[in-house]
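Dear colleague,

I am passing on to you the structure below, which you have not worked with before. Please look through it first, and then read the notes that follow it.

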Amino acid sequence: MKHLLSIADLSKDEAIEVLDTAAELARLSEGTVKKFPTLRGRTVVNLFFEDSTRTRISFEAAAKRLSADVINFAAKGSSVSKGESLKDTALTLQAMGADAVVIRHGASGAAHQLAKQEWMKGVVINAGDGTHEHPTQALLDAFTIRRHLKENQGDLSGIKVGIIGDILHSRVARSNILLLKKLGAEVVLIAPPTLIPVGVAKWGVGVSYSLDDQIKSLDVVMALRVQKERMNDLYFPTEREYARGYGLTSERMKQMKTKSIVMHPGPMNRGLEISAESADSQRSVIVEQVANGVSVRMAVLYLTLGGATFKELASSGESL
Ligand code: CP
């Protein structure tokens, strides 16, 4: 893996290798070893042009657990506010010797631009670009599903995932659809017609306008945040009406299958797409998704910067 820009760039085997590597790193981290020397002397830059809590902090934790040096760059408070371009920002970071850049940007395609224009010589990892993709979120979601429903092994065949809500503005949904399908899961999008993108018929997923019709058949109930900051139009009459049709409530959760789980990428609008009781329920794996994000991002940094696959390293007996 040279960069991680889109889930479309990964083969099924490569995606499973990320999950297997993350599982091994998580297993090792549960023991006495909390820090690995693998990326000692390498520099990872977190280049965030949009706000983030989970992704930025977990990339920082992941890089530090692999002994990399980390530089955190937030556009707010930088020379970006004086008009400096993405290109000049990237060239500046390159001059400082960045080996990898983790980029979040409001423009779809920003990570591709950084990698393809070769403004950066190092690895580029997409941490969310506009409404396009958020590949590491999809990988940590798949990792979490596999841990709960597939005994941490293989692919996701036989699993039905409902992705509910603001599909239109969601890079999480786009990356998840690509990855879940690649791993053999069945995907159904559940939303009001106004929040389903045009052209969805070509995506190879089911579409439903009724959560109540679908909830009984789902193994994974994945609620999405209503992205008010990207909405410049009226997509539903009132928040109350949206919550009534598409909010995950305790009442609706009673319809779920015995072993099915509740997910949300965060940050949540409690009381809108998910009730506080549902978010905090026994079936919710939302906090675990955040913890798994560190292992998955360690795996991505390891596989892109480490220069060898986990299996190769393990078989050569080299220490992590
Ligand atoms: N899920 C996610 O990307 O969260 P943050 O915006 O807090 O990084």
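In this predicted model, helix H5, which covers residues 135–149, and helix H6, which covers residues 171–182, have axes that come within 8 Å of each other and cross at roughly 55 degrees. With that angle, H5 is therefore oblique to H6, and the crossing in which H5 passes H6 is right-handed. On the side of H5 the contact is made by Pro135, Gln137, Ala138, Leu139, Asp141, Ala142 and Ile145, while H6 contributes Val172, Ser175, Asn176, Leu179 and Leu180. Sorted by class, this contact of H5 with H6 has eight nonpolar, three polar and one charged residues.

H5 also packs against H11, and here the two axes come within 8 Å and cross at roughly 115 degrees, again with H5 passing H11 in a right-handed crossing. The residues of H5 that take part are Thr136, Gln137, Leu139, Leu140, Asp141, Phe143, Thr144, Arg147 and His148, and they meet Glu288, Gln289, Asn292, Gly293, Val296, Arg297 and Val300 in H11. By class, the contact of H5 with H11 has five nonpolar, seven polar and four charged residues.

H11, which spans residues 286–305, has a further partner in helix H1, residues 12–30, and the two pack at an angle of about 115 degrees with their axes 8 Å apart. The crossing of H1 and H11 is right-handed. In H1, the residues Glu17, Val18, Thr21, Ala22, Leu25, Ala26 and Ser29 meet Ser295, Val296, Met298, Ala299, Val300, Tyr302 and Leu303 of H11, and the residues of this contact divide into 10 nonpolar, three polar and one charged.

Turning to the open space in the model, the largest pocket holds about 450 Å³. It is lined by 22 residues, of which Arg104, Arg171, Arg225, Gly266 and Pro267 are the closest to its centre. Helix H2, residues 54–65, and H6 each supply at least two residues of the lining, and the lining as a whole divides into four nonpolar, nine polar and nine charged residues.

Two points of the backbone deserve a separate mention. Most residues other than glycine have a negative phi, and most peptide bonds are trans. Gly266 and Pro267, however, are joined by a cis peptide bond, with omega at about -10 degrees, and both of these residues are among those closest to the centre of the largest pocket. Pro267 is found in the loop between strand S9, residues 261–263, and helix H10, residues 276–279. Glu151, although it is not a glycine, has a positive phi of about 50 degrees, and its place is in the loop between H5 and strand S5, residues 160–164.

With kind regards

Key:
Residues are numbered from 1 along each chain as its sequence is written. This is a predicted model: local features need pLDDT of at least 70, side-chain atom pairs count only at pLDDT 80 or more; totals for chains, interfaces and linings use all residues. Side-chain values use heavy atoms; hydrogens and water are left out. Axes are lines fitted to C-alpha atoms, for helices over the stretch in contact, and angles run from 0 to 180 degrees between N-to-C directions. Helices (H or I, at least four residues) and strands (E, at least two) are DSSP runs, numbered from the N terminus. Angles under 35 degrees count as roughly parallel, over 145 as roughly antiparallel, 65 to 115 as roughly perpendicular and the rest as oblique. A crossing is left-handed if the near helix is turned anticlockwise from the far one by less than a right angle, and right-handed if clockwise. Contact means heavy atoms within 4.5 Å. Ala, Val, Leu, Ile, Met, Phe, Trp, Tyr, Cys and Pro count as nonpolar, Asp, Glu, Lys and Arg as charged, and the others, Gly among them, as polar. On a 1 Å grid over the protein atoms alone, a cavity is a set of points where a 1.4 Å probe fits but cannot get out, and a pocket is an open set with protein on both sides within 12 Å along at least five of seven lines; lining residues have an atom within 4 Å of a point. Grid points are joined across faces, edges and corners, and a volume is the space filled by probe spheres set on the points.
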